[in-house]
Amino acid sequence: MLAVSERHAEFAGAEIVVVTFTDPERLGAYVEHLGVQFPVVSDVDRELYRALGIERGGFRQVWSLGTLKKYAALLLAGQRLQRTNEDIRQLGADVIVSADGTIAKVFQPASPDARPGVDELLAAMPASGERRPDRESDRLSDPGRSAAMLRPLRRRGTR
Amino acid sequence: MTLQAGDALPLFELPGADGEQWGSDGHRKRNVALVLILHRHLA
């Protein structure tokens with residue numbers, strides 16, 4: 001996330017938003033902790049996570065070798081690991097959405113440490129106004145499909 | 001069904017750190033792409 005923040009300018013004006021599932025009251029502390037300059041929002045019920053199929057990982061996924069290496073690197077860099085009351089099994093994802101609102105790419109890593117690099121994200125960015133699903137089979141075949149996706153998500157003005 | 005590439009991102013709002021609601025259609029109004037980073041604890 002820090003790498004994206006440092007190379008923000010390369011995203012050519014795209015809106016970059018961090019979605020957390022932390023309580024909205026704690027978002028301010030989160031922003032400070034993450035040290036990013038883009039908006040941080042709260043999906044406390046994880047409805048967007050569910051809509052995108054981003055699930056909770058199993059024990060081996062969450063505590064993968066890569067995760068342990070990442071924690072070791074953080075400790076070696078002098079960072080203190082802090083206990084959290086939040087769900088450490090919840091996996092993350094990165095989603096690229098075209099300017100017209102079409103999802104262009106969903107990066108869904110198999111373990112918490114396996115996030116795409118900035119170059120991968122940039123390569124998936126559609127040109128302005130371009131719709132670019134990553135697979136031909138992913139193209140929307142049922143116009144009612146996205147409307148159905150609205151149901152599990154929070155509607156405007158309900159919160 | 002799960003949202004995937006080729007689907008339209010639904011319209012929804014989520015609360016932000018500043019107390020404002022963030023809308024999923026703001027980028028469309030500005031005609032720019034959107035990158036959503038769904039956080040997990042090992043960030």
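**Contacts, core and sheet**

Student: Which residues does R115(A) touch, not counting residues up to four places away in sequence?
Tutor: This is a predicted model. Residues up to four places away in sequence are left out. R115(A) then touches G92(A), D94(A) and P109(A).

Student: Is R115(A) buried or exposed?
Tutor: R115(A) sits in the loop between strand 4 and helix 6 of chain A. A residue needs 20 or more other C-beta atoms within 10 Å to count as buried. R115(A) has 21 within that distance, so R115(A) is buried.

Student: What distance separates the C-alpha atoms of R115(A) and G35(A)?
Tutor: Along the chain, R115(A) and G35(A) are 80 residues apart.

Student: What is the order of the strands in the open sheet?
Tutor: Five strands take part, and the pairing is mixed. The edges are strand 2 and strand 4 of chain A, each pairing on one side only. The twist averages 20° from one strand to the next. The order is 2(A)-1(A)-3(B)-3(A)-4(A).

Student: Which residue in strand 2 of chain A is the bridge partner of V19(A)?
Tutor: Strand 1 and strand 2 of chain A pair in the parallel sense, over three bridges. In strand 2 of chain A, the bridge partner of V19(A) is V41(A).

Student: What angle does the direction of helix 2 of chain A make with that of strand 2 of chain A?
Tutor: Helix 2 covers residues 27–34 of chain A and packs on the sheet. Helix 2 touches strand 1 and strand 2 of chain A. Its direction makes an angle with that of strand 2 of about 140°.

Student: Which element gives the largest share of the largest nonpolar core?
Tutor: This core has 40 residues. Among those touching the most other members are V19(A), V97(A), V35(B) and L36(B). Elements giving two or more residues include strand 1 and strand 3 of chain A. The largest share, five residues, comes from strand 3 of chain B.

Student: Which chain B residues are in contact with V97(A), leaving aside its neighbours within four places in sequence?
Tutor: V97(A) is one of the core members that touch the most others. In chain A, its contacts are T102(A), I103(A) and A104(A). In chain B, they are L9(B), H27(B), A33(B), L34(B) and L36(B).

Student: What ipTM does the model score?
Tutor: Chain B averages a pLDDT of 90, with 95% of its residues at 70 or above. The model scores a pTM of 0.74. Its ipTM is 0.93.

How values were computed:
Residues are numbered from 1 along each chain as its sequence is written. Chains are lettered from A and ligands numbered from 1 in the order in which they are written. This is a predicted model: local features need pLDDT of at least 70, side-chain atom pairs count only at pLDDT 80 or more; totals for chains, interfaces and linings use all residues. pLDDT is the predictor's confidence in each residue, from 0 to 100. A nonpolar core is a set of buried Ala, Val, Leu, Ile, Met, Phe, Trp, Tyr and Cys residues joined through C-beta atoms within 7 Å. A residue is buried if 20 or more other C-beta atoms lie within 10 Å of its own, exposed if 12 or fewer, and partly exposed in between; C-beta atoms are placed from the backbone. Helices (H or I, at least four residues) and strands (E, at least two) are DSSP runs, numbered from the N terminus. Two residues are in contact if their C-beta atoms, placed from the backbone, lie within 7 Å. Two strands pair if DSSP finds at least two bridges between them. Axes are lines fitted to C-alpha atoms, for helices over the stretch in contact, and angles run from 0 to 180 degrees between N-to-C directions.
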